[in-house]
Amino acid sequence: MSVIENDRNIMNDTKPANAVLDPIRVAAAEVFDRIGLPTGKEEKWRFTQLQPILRSRFIPAEPEYANDLFDQYTFGKESSVEIVLVNGVMSRELSRLSSLPEGLCVTTLVKAAANKHADIVRQHLGKLVDLHAHPFAAMNTRDFGDGVYVEIHRNAVIESPIHILQITLGNDNQAVVNSPRVLVVAGENCEATIVESYVGQGSRYLCNAVTEISAADNAKIDHCKLQQESQASYHVANMQVKLGQGAQFVSHAVSVGARISRNDLEVILAGRGAYAALNGLVLIGDVQHCDNHTLLKHAAPDCPSHELYKHVLDGKSSAVFKGQIYVDQIAQKTNAKQSSKSLLLTDTASIYSMPALEIYADDVKCTHGSTTGPLDDDLLFYLRSRGIDFDAARHLLTYAFAADVTRRIKVEPVRRRVEDYMAAQHGLPQDLRINDLGAFDEDVIR
Amino acid sequence: MPVLEIKNLHAKVAGTDKQILKGVDLTMRKGQIHAIMGKNGSGKSTLCQVIAGRETYEVTEGDILFHGQSIVEMSAEERAREGVFLAFQYPVEIPGVSTSYFLKAAVNAIRKHRSEPELDAVQFIKLVKEKQKMLGIQESFMNRAVNEGFSGGEKKRNEVFQLAVVNPLLGLLDETDSGLDIDALKIVAEGINRLHEQDSERSWLVVTHYQRLLNYIVPDIVHVMIDGKIVKTGDKTLALALEEKGYDWVEREAMSAV
């Protein structure tokens, strides 16, 4: 039995009774009680050691102030819409939701479920994620706090990125668990950019997040997820996306924090001509472990999908990439391209890269490739022979390797944070910027 | 004082017993062009890389003096900043890094070392344009990733262009003629000659397998390298003799001298 016990009394005390959410929580609790947390023996969890998480006795996180972290991670003027949650509770002082653009609704799930959005919440919440297949998601559904509700009305074009900042504050005396929950409902023909930042501080905590995105026909969603949790923490995240006809979804998932992190990202291309691009970047070192499981489920014809995951692994870090592409029998003319590339900066870093194609249609194009290796000695010498010192040469080559993913991130503050992180990681004050490199053909970037 | 003085240089492949340089002696003066000729595997490319500071080779004996200062213990980047430039036999492609960014980083690393102010973007572009014009190189070059998708000739021209921008005291040309057809060879050689005319203080060490490059770049001194040693030194006529008679006679001469 798992040691992540839920104290129902705490839950009931801190959350207002809600006719929409309560049945969903109760049903999830029943599922979780039945299946429990994975033991690590399951195929899906084989490469990620869960013992540290299972050994900890977590309590739900209490809301606290987090001004320092907010100052560090806020988008400030670069986003007019920012919702900030501290240990699962929305902060009124820190969030900026007063002047939302037309066609956009951003509030907490608790609030949305209690007002005119109740029907939409009931219709979508928990509908994309299969709790039986994802025990952590079941736990999240049982435990989540305020939650975030984002609704983009049909035909609305939202220019400014919508920033969802999830702050987890650990507790020195007791490990805490934070269960952030996000629901995005995107109407027909809408366009929006959504950024989820996961940050935190403290010795030991588990951030167990679930995000569901439902994109109606021809919706265009650009999504960034930046995981910069505290280096001693655990981060488990499940994201489920469903795309209607002609809908476009581009994901940029950057993982730099947490001692152990696991991301499940599943996209269902449910309508004809939907498009999905999954870009991933893992930048870890020391004894960090990051596991990305992605699934692109082609359930309709004429859908292209692109996937590019890059890993930069330093120290004794390890990463897992399992990229599954499932092509349904009716999904003819599927065109799926997948690539995973890993740069090992030390002999002790490691990666397990596993593509998995499951194809039931006969007229499809699916390709996958995987490469792994150290920094090229010839390249390093070439740079050094021109007077560029070893550290700068190493940084430049690492940066250029990651740039394949970072250059696709259109949200400036996200890209800058990744760049700053890389420079700091290599102990370099030098502020290398993607524009400096200037060596990409922009036409090939979607 | 000689620009470069190589004394009894021995070097092996690091971590192995494979000795490649077995006692090289060479002295170059300011403004001179020296050519090193030799068969494949004679050690001439290794010599260039050892001078430039490649760590895959380990110096086991002897010394390399650059302007009287030993550089054997220096890193590759320190040597570059002191004024050594290696034009590679096989220039690498660096995806994702533009020639512009790369060259600016190189120029400023060297300027910083010389306590000169770093060039800003405008000054750098001015310098680049001047050198591009001199060598007949298109401007679009700068925005492309270093050497990516370049033909053999373009890569070699890029090496000479980089040399022009970096402005070293010693240019090591490692088989700059290899893989080039005669037209490409002429263009590259003309560039080098122009640089030589412009700055008579710079010295050149030209490593080549064939004499044909030396029709365009006329050396002051020609060395012949066999099995990790310089066995014969002469003027430019030595190159012609090698072209005509091959290397065997030098080899025999060297053997009988032992």
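Predicted model: local features only at pLDDT ≥ 70, side-chain atom pairs only at ≥ 80, totals over all residues.

Residues are numbered from 1 along each chain as its sequence is written, while chains are lettered from A and ligands numbered from 1 in the order in which they are written.

**Chain A.** I found 11 helices and 21 strands (DSSP runs, H or I of at least four residues for helices and E of at least two for strands, numbered from the N terminus). I looked up burial next: buried residues come to 54% of the 446 in chain A (buried means 20 or more other C-beta atoms within 10 Å of the residue's own, with C-beta atoms placed from the backbone).

**Helix H8(A).** Which residues of H8(A) are buried? I listed Leu379(A), Leu380(A), Phe381(A), Tyr382(A), Leu383(A) and Arg384(A). That is 6 of the 8 residues in 377-384, so the helix is largely enclosed by the rest of the structure. Its cover includes helix H9 (390-406) of chain A, plus H2 and S7 of chain B.

**Chain B against chain A.** I saw 26 residues of chain B in contact with 20 residues of chain A (contact means C-beta atoms, placed from the backbone, within 7 Å). On the chain B side, H2 (76-82), S7 (94-98), H3 (99-113) and H5 (152-166) each give two or more residues. H3(B) gives the most, with 6 residues.

Conventions: Buried ≥ 20, exposed ≤ 12 C-beta atoms within 10 Å, placed from the backbone. Contact = placed C-beta atoms within 7 Å.
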